[in-house]
Amino acid sequence: MTFVYAKCSAVERLELWDHLYCLARDMELPWLVGWDFNVLLHEDEKIGGLLRHPSEYEDFAFCINSCGLFDQGYKERPFTWCNARPNAQCIFKRLDRILVNLPFQNMLPTINVDHLIRIGSDHAPLLMTCGEQITNVVKPFRFLNF
């Protein structure tokens, strides 16, 4: 597992992308990379504020693809960060995510990521569950006398 807290500056994030490339080059084990990347992957991961330059998204997407990582998506709430300003000044973004490589996906094929409610932070915690939730079904005992 690799936990990331990326810089806010696109230029400073390039160093992080280089570090991830170096790690990925020799990574054959199941690998999970996650937390705060401080960048969007797509334009639709933001509401409000100024438009960002697409090269930031492209650098991040190139890094993910080059490292053989896959975004695990999410359930429910689409955004993980909010600037908590009122009305028209409010900005929502998906800055936090969980990425995994193919060996990790093969090992745990049913991964679910939930963006929980933000409490005491501008970032939402991520909850990752692996495997299906199995509910015990009570089956009545029946004896058939043949």
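## The sheet

In which sense do β1 and β2 pair, and over how many bridges? They pair in the parallel sense, over four bridges. Keep in mind that this is a predicted model, where local features need pLDDT of at least 70, side-chain atom pairs count only at pLDDT 80 or more, and totals for chains, interfaces and linings use all residues. Residues are numbered from 1 along each chain as its sequence is written, and side-chain values use heavy atoms, with hydrogens and water left out.

β1 and β2 belong to an open sheet of four strands, in the order β1-β2-β7-β4 and with mixed pairing. Its edge strands, β1 and β4, each pair on one side only. On average, neighbouring strands of the sheet are turned by 25° against each other, direction ignored (axes are lines fitted to C-alpha atoms, for helices over the stretch in contact, and angles run from 0 to 180 degrees between N-to-C directions). Strands here are DSSP runs of E with at least two residues, and helices are runs of H or I with at least four, numbered from the N terminus; two strands pair if DSSP finds at least two bridges between them.

## Walking across the strands

Tyr5 stands opposite Asp36 in β2, and the chain crosses from β1 through α1 to β2 in a right-handed β-α-β crossover (with the strands pointing away from the viewer, the path from the first strand over the helix to the second runs clockwise). Strand β2 covers residues 32-36, and four of its five residues are buried, so the rest of the structure largely encloses it. Buried means under 20% relative accessible area, exposed over 50%, and partly exposed in between (1.4 Å probe, protein chains only).

Next comes β7, which runs antiparallel to β2 and is joined to it by five bridges; here Val33 stands opposite Leu99. β7 also pairs with β4 in the antiparallel sense, over three bridges, with Leu69 opposite Asn101.

## Salt bridges

The whole structure has five salt bridges, each a side-chain nitrogen of Lys or Arg within 4 Å of a carboxyl oxygen of Asp or Glu. One of them joins Arg13 and Glu56, with the closest N and O atoms 2.9 Å apart. Arg13 is in helix α1 (residues 10-25) and Glu56 in helix α2 (residues 54-66), so the pair ties together parts that are 43 residues apart in sequence. Arg13 counts as buried at 2% relative accessibility, and Glu56 is buried too, at 15%.

A network of salt bridges links Glu45, Asp71, Arg94 and Arg97. Within it, Asp71 meets Arg97 at 2.5 Å, N to O. Asp71 lies in strand β4 and Arg97 in strand β7, so this pair ties together parts that are 26 residues apart in sequence. Asp71 also forms a salt bridge with Arg94, the closest N and O atoms being 3.1 Å apart. Arg94 sits in the loop between β6 (92-93) and β7 (96-101).

## A nonpolar patch

Met1, Phe3, Tyr5 and Trp35 make a nonpolar surface patch of about 580 Å². Patches are made of residues with over 30% relative accessible area and no salt bridge, like charges being joined within 9 Å and nonpolar side chains (Val, Leu, Ile, Met, Phe, Trp, Tyr) within 5 Å. Accessible areas come from the Shrake-Rupley method with a 1.4 Å probe, and for residues only the protein chains shown count as cover. Phe3 has its place in strand β1 (residues 2-5) and counts as exposed, at 61% relative accessibility.
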